[in-house]
Amino acid sequence: MSEFIKTLCPYCGVGCGLEVSPPAQQGKATHRDSQGNPIWRVRGDKAHPSSQGMVCVKGATIAESLDKNRLHYPMVRDSLDREFRRVSWDEAFDTIVNRLQTVRFTQGPEAICMYGSGQFQTEDYYTAQKLMKGCLGSNNFDANSRLCMSSAVAGYIQSFGSDGPPCCYEDLELTDCAFLIGTNTAECHPIVFNRLEKYHRKNRKVKMIVVDPRHTPTAEAADLHLAIRPGTDIDLLNGIAHLLMRWGHIDTMFIEDCTSNFSAYAEVIRHYPPEVVARQCGISIENLETAARYWGESQRVLSLWSMGVNQSSEGTAKVRTIINLHLMTGQIGKPGSGPFSLTGQPNAMGGREAGGLAHLLPGYRLVKNDQHRAEVEDVWKIKRGQISANPGLTAWDMITGLENGSVGLLWIAATNPAVSMPDLERTKKALLRSPFTIYQDAYYPTETAAYAHVLLPAAQWGEKTGVMTNSERTVTLCQAFRQPPREAKADWEIFAEVGRRLGFVKEFSFANSAEVYAEFTQLTRGRPCDMTGISHEQLKTQGPTQWPHPKDEGDKGDQGAKLLPHPPHLPHSKRLYTDLRFHTPDGRARFGAYYSKGLAEPPDPDYPFVLTNGRLYGHWHTQTRTGRIEKIRSMHPQPFIEIHPRDAAQLGISENQLVEVRSRRGQANFPAKVTKAIAPGTVFVPMHWGALWADNAEANALTHPESCPDSLQPELKACAVQLIPV
Ligand code: SF4
């Protein structure tokens with residue numbers, strides 16, 4: 001066996017390949033953590049096509065989190081004011097199954113909810129769908145991807161007829177113009193940014209435009225930074241479209257042959273002349289024109305976006321408005337161009353493939369579609385009509401369901417909603433009302449564990465073998481290289497055992513995760529995300545593989561890419577829509593016509609500042625892992641609030657002074673960081689600090705749950721606040 005075991009970084013959606021070697025093979029130089037545990041050695045996998053050996057600090061230090069604060073045994077308590085007592089798995093399973101049956105028969109299956117995670121491997125996701133949607137008859141499975149990527153999902157489906165990012169990372173190194181909007185790629189997707197920045201530095205004709213209210217490290221590298229007012233993205237995008245139309249930079253043939261609804265869109269963008277747009281966005285007309293010129297004069301334009309676009313009450317409209325620009329200029333289906341959502345979590349893409357949101361079924365199918373439900377029921381060998389035709393409760397619906405008593409059982413796995421949900425006081429009060437909460441996680445304590453009746457210890461990265469798909473549709477096998485500690489089990493094994501104890505013995509007779517994956521890929525046959533040619537064995541012997549990859553297909557790469565001289569160091573990646581046929585009934589991509597609505601909660605005299613929030617380079621989400629890694633803690637020792645010097649002077653706030661931030665829902669305190677990186681009238685706080693890591697510095701104490709009507713994704717990115725120096 002090779003000294004190194006191949007796996008994938010379990011943090012962000014870039015999906016960097018890693019190689020891991022055991023402590024025993026490091027000889028005298030074996031590293032140990034502060035508790036004396038030997039640390040596994042991690043390095044980038046040079047053979048991984050997505051990352052080519054690169055890793056950021058999170059990937060490089062991941063092994064240090066393996067043995068710290070792990071949950072080792074199932075634990076149960078009768079009520080939240082009691083202590084947990086350790087129980088056997090048998091007793092824990094009996095408790096859960098009894099409760100599931102009771103709730104199912106007294107309140108109905110729709111009273112059962114599961115809230116999962118983009119940290120799941122695809123096998124975990126898939127088994128959870130089969131248990132919830134197939135066997136229990138409840139579509140109430142939602143994942144934290146609802147807070148992350150659901151606007152991108154809705155946007156792709158509405159514009160192209162199917163989910164699925166059309167681009168690949170190779171496009172970063174083939175584009176003439178990179179348009180980054182609502183993404184601090186340098187900190188949140190560092191290896192994608194490394195590839196783009198290196199290429200941009202070497203090719204001075206290549207343009208980089210960054211749209212962000214903050215002057216981030218990403219904006220620092222740009223040729224043009226548009227620091228628009230929060231909530232004016234659609235104004236800007238329609239304003240660019242207006243100029244492209246005025247200057248004739250549109251692809252008339254593509255619009256006529258490959259799209260629909262252009263006239264409605266053209267009518268909307270008529271109302272976005274540069275004078276109006278520049279004023280609305282708070283930028284100069286000159287900069288707006290420069291952005292439109294860069295776009296219009298480029299042969300190949302690549303758009304990148306993430307949470308700054310998705311986490312919005314008009315998130316789907318924003319995604320579609322980005323896609324509109326690509327459709328009107330024919331910038332799709334060819335190398336170096338297209339709309340490219342950067343996924344937040346390592347396997348949110350796999351979750352979408354496996355149907356891991358309340359309105360989805362495996363294989364990019366929809367709960368509402370009769371034929372889709374029948375196809376899934378046939379593969380699951382359950383009776384027709386067993387899967388409900390009603391989309392289930394989303395993440396926030398589960399909170400309101402706890403408030404109104406319609407949720408009888410909540411099962412949370414691999415996520416920490418007591419920090420990450422909006423309107424945290426309300427969320428916590430709702431969690432306190434839960435009649436029965438199962439919390440399944442690798443770590444203890446976490447903020448959410450305080451709201452659980454049952455704790456189930458989960459295996460994590462390196463302790464279970466399974467598959468993850470990254471932002472460019474590359475599927476990688478994450479191989480186990482150590483045993484789970486004490487009694488921890490893989491998430492899919494826990495779901496399967498509960499299924500068997502509920503009487504679905506044949507349905508959950510998987511011997512291992514390879515069998516789970518094999519059944520899942522059957523459900524992708526003939527679908528846009530066809531993975532029937534992918535198996536654990538194939539991934540192990542041939543390495544990471546992009547979908548679509550139907551059975552018997554060799555790794556041909558993308559035909560479009562071969563039209564251009566191909567850099568020898570790049571793999572031939574696969575793009576979607578190279579034949580310019582889309583998954584809509586008429587094969588045409590649809591323009592979406594949207595006027596800007598702005599923020600759900602704009603600033604006003606009582607709450608005059610817009611609060612925005614985001615990630616820092618080193619930390620991940622709610623610090624469940626990264627908060628336990630010394631190197632990362634020392635990089636980011638404390639939370640802070642960025643305030644523009646003009647605002648700070650007006651309020652009498654000095655550097656490091658504590659600032660009380662109040663919204664209509666709650667308050668939190670942060671030391672001030674006075675900086676011109678943030679625009680006047682806007683403030684920024686990092687999202688990582690929950691109650692375990694700092695006293696009263698939770699960003700989500702302030703945010704609100706107003707959501708996009710199409711994606712049902714909450715507007716976590718912006719709310720109105722007031723600032724009071726303490
Ligand atoms: Fe992991 Fe993302 Fe960093 Fe790559 S860029 S090492 S996937 S956190």
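**Sheet, domains and ligand shell**

User: In what order do the strands of the open sheet of 3 strands stand?

Analyst: This is a predicted model, in which local features need pLDDT of at least 70 and side-chain atom pairs count only at pLDDT 80 or more, while totals for chains, interfaces and linings use all residues. Residues are numbered from 1 along each chain as its sequence is written. Strands (E, at least two residues) and helices (H or I, at least four) are DSSP runs numbered from the N terminus, and two strands pair if DSSP finds at least two bridges between them. With antiparallel pairing, the order of this open sheet is S19-S20-S21.

User: Which residue of S20 is the bridge partner of Val467?

Analyst: Strands of a sheet pair through backbone hydrogen bonds, either parallel or antiparallel. S19 and strand S20 (474-478) pair in the antiparallel sense, over 4 bridges. For Val467, the bridge partner in S20 is Leu477.

User: Which residues are closest to the ligand?

Analyst: A residue counts as near a molecule if its C-beta atom, placed from the backbone, lies within 6 Å of it. The ligand is surrounded by 14 residues, and helix H1 (57-61) and helix H6 (190-202) each supply at least two residues of this shell. The closest are Cys9, Cys12, Cys16, Cys56 and Gly59.

User: How many residues of the shell around the ligand are charged?

Analyst: Ala, Val, Leu, Ile, Met, Phe, Trp, Tyr, Cys and Pro count as nonpolar, Asp, Glu, Lys and Arg as charged, and the others, Gly among them, as polar. On that basis the shell has 9 nonpolar and 4 polar residues, and the number of charged residues is 1.

User: Between which domains does the ligand lie?

Analyst: The domain bounds, which come from an automatic or database domain assignment, divide the protein chain into domain 1 (5-65), domain 2 (76-148 + 347-546), domain 3 (150-342) and domain 4 (609-725). Because two of these domains both give residues to the shell, the ligand lies between domain 1 and domain 3.

User: Which strand gives the most residues to the side of domain 1 that touches domain 2?

Analyst: Counting two residues as in contact if their C-beta atoms, placed from the backbone, lie within 7 Å, 15 residues of domain 1 are in contact with 16 residues of domain 2. Strand S1 (5-8) and strand S2 (17-21) each supply at least two residues of this side of domain 1. The strand that gives the most, with 4 residues, is S1.

User: Is Tyr364, which has a positive phi, buried or exposed?

Analyst: Tyr364 has a phi of about 55° although it is not a glycine, and its place is the loop between strand S14 (360-361) and strand S15 (365-366). A residue is buried if 20 or more other C-beta atoms lie within 10 Å of its own, exposed if 12 or fewer, and partly exposed in between, with C-beta atoms placed from the backbone. Since 24 other C-beta atoms lie within 10 Å, Tyr364 is buried.

User: What is omega for the cis peptide bond that joins Tyr444 and Pro445?

Analyst: Pro445 is found in the loop between strand S17 (437-441) and strand S18 (454-457). For the cis bond that joins Tyr444 to Pro445, omega is about 0°.
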